[in-house]
Amino acid sequence: MTTEPGRVRPEQAGFGKAASEPAGPERLHAITLRVNGTAYTASVPARRLLSDCLRHDLGFTGTHVGCEHGVCGACTVLLDGEPVRSCLMLAVGAERHEVTTVEGLRRLDGSLHPVQQAFGECHGLQCGYCTPGFLTTVSAYLAERPDPSEYEAREAIAGNLCRCTGYQNIVASVLRAAELLRAEREGA
Amino acid sequence: MKPSPFVYHAPASVDEALHTLGQVGEDGKVLAGGQSLLPILNMRLAAPGHLVDINGVAELATVAVDRSGVRVGALARHAEVERHAGARAVVPLLGQALRLVAHPVIRNRGTTVGSLAHADPSGELTAVLALLGGSVECARSDRRREVPAAEFFLGPLECCLEPGEMALSAWFPAPGPRTGTAFVELARRHGDYAVAGLAAAVTLDDAGRVAKAKAAYVSVAPTPLVLDLTEAVAGQQVDAAGSASVGWASAGELAATRCDPEPDIHATADYRRHLVRVLTARGLAEAAGRARHAEDPPGEAA
């Protein structure tokens, strides 16, 4: 359920009528967003999607925009540590939450997050368009499930579309990332 | 793809939300998880003039459990209900159905009550509510009412909520003693909409014979279709080893004759009816297997 365009039936929903045009310029909302640990302010219309706000207003262009209706997963960011679709949230609704984009995954010393490192090692990307969504989704998943089977790894990425790789190397990357994270924990 | 302009309201309490909804009337829409509403807005299939965002109404972010059932507040996310051990123990069907609702990332934001109000004929929770005989608490600034599932769903993407009214919570009653449940569906891809699916419940008598068998279907009718299939399997013995000897296939046949699915781009009507036949037998058998163990302490795997 939820997000596929083919399944939304506007004529059955009684959604036919258009809204009356609002009089005058659109009202802007002054918002403060915490992204990757830093507070940013922006002035946005209420209809600004979080994905667009991150990219256009705040310059976090690592968040990629694919389908804009929640199906492809490219725009996935972490909201208080949990993966969510940033195209299915309003920027005004993200206030009071901690947003983590793909830029925020890298470690404080500038090195790659183990999930990023694994995607590099295992060739888990080709064109790279879907990659930020995979990285955020997988990093949150492995924090919860540190030792997934191959089947579980496939299930974990089922909500993200990739049109290049055929997924084999992405699954390998998830398993490799789990390995790296475990080694990191044991070494710590 | 961007939503049309709208006036944004962010009430902090239920009273404030209902007041605003009352003022904006037909031009208002409630935003909870947004996992169905935002796509509709992005694609401009709807262009409400006012959006009432209830994400700041903390009093709605509740999951309350007692022995008789589970009450889910309008801001409880699917993921919270799914992870709630108490809710899963009292109404196992919730956990059984929620794991099939889209993907985990969508369940992190989407709300259980929101998906009921969205009333998508393929929404798993609509069948859960209908099968259990649950209800939805609907409120307007001047009125509150508890609407039974059978009256809540009016048609595809249409529920009984009136302008100015919002769903505050949903009540999922516990299925009762010696009753097992299951949710089975067939989707083209993992996490996708079901081509057909059902929630099943089987109740056994003291001797372990089938006393009641019923199912509620998604993607088969405009609203969740509830069928009592007891006559096909009544009195048959479900033994400790499982329920393989019971004639579940005849219950599937009965269900297939009682539904009238429509064709669409994903499946013909005949294929849907075939799925009803096969999945009914499968779902009832699974539910009956759990009913055998329903006397055990709660905590059955979802």
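**Where the two chains meet**

Modeller: Gladly! Across the interface of chain A and chain B the rule finds three salt bridges. This is a predicted model, in which local features need pLDDT of at least 70 and side-chain atom pairs count only at pLDDT 80 or more, while totals for chains, interfaces and linings use all residues. Residues are numbered from 1 along each chain as its sequence is written, chains are lettered from A and ligands numbered from 1 in the order in which they are written, and side-chain values use heavy atoms, leaving out hydrogens and water.

Biologist: Why is the meeting of Glu68(A) and Lys2(B) called a salt bridge?

Modeller: The term asks for a side-chain nitrogen of Lys or Arg within 4 Å of a carboxyl oxygen of Asp or Glu. Here the N to O distance between Glu68(A) and Lys2(B) is 2.9 Å, so the pair qualifies.

Biologist: Which elements of chain A give two or more residues to the side that touches chain B?

Modeller: They are helix H1 (10-13), E3, strand E4 (82-85) and helix H4 (131-144) of chain A. E4(A) gives the most, with four residues. Helices (H or I, at least four residues) and strands (E, at least two) are DSSP runs, numbered from the N terminus.

Biologist: How many residues take part in the contact?

Modeller: Chain A supplies 42 residues and chain B supplies 51, where contact means heavy atoms within 4.5 Å. The area buried between the chains is about 4,200 Å², and carbon and sulfur atoms give 61% of that. Buried area is the accessible area (1.4 Å probe) that two parts lose on being put together, summed over both.

**Inside each chain**

Biologist: What makes Leu50(A) in helix H2 of chain A a buried residue?

Modeller: Buried means under 20% relative accessible area, exposed over 50%, partly exposed in between (1.4 Å probe, protein chains only). Leu50(A) is listed as buried, so its value must lie under 20%. The buried residues of H2(A) pack against strands E1, E2, E3 and E5 of chain A. In chain A, buried residues make up 52% of the 188 residues.
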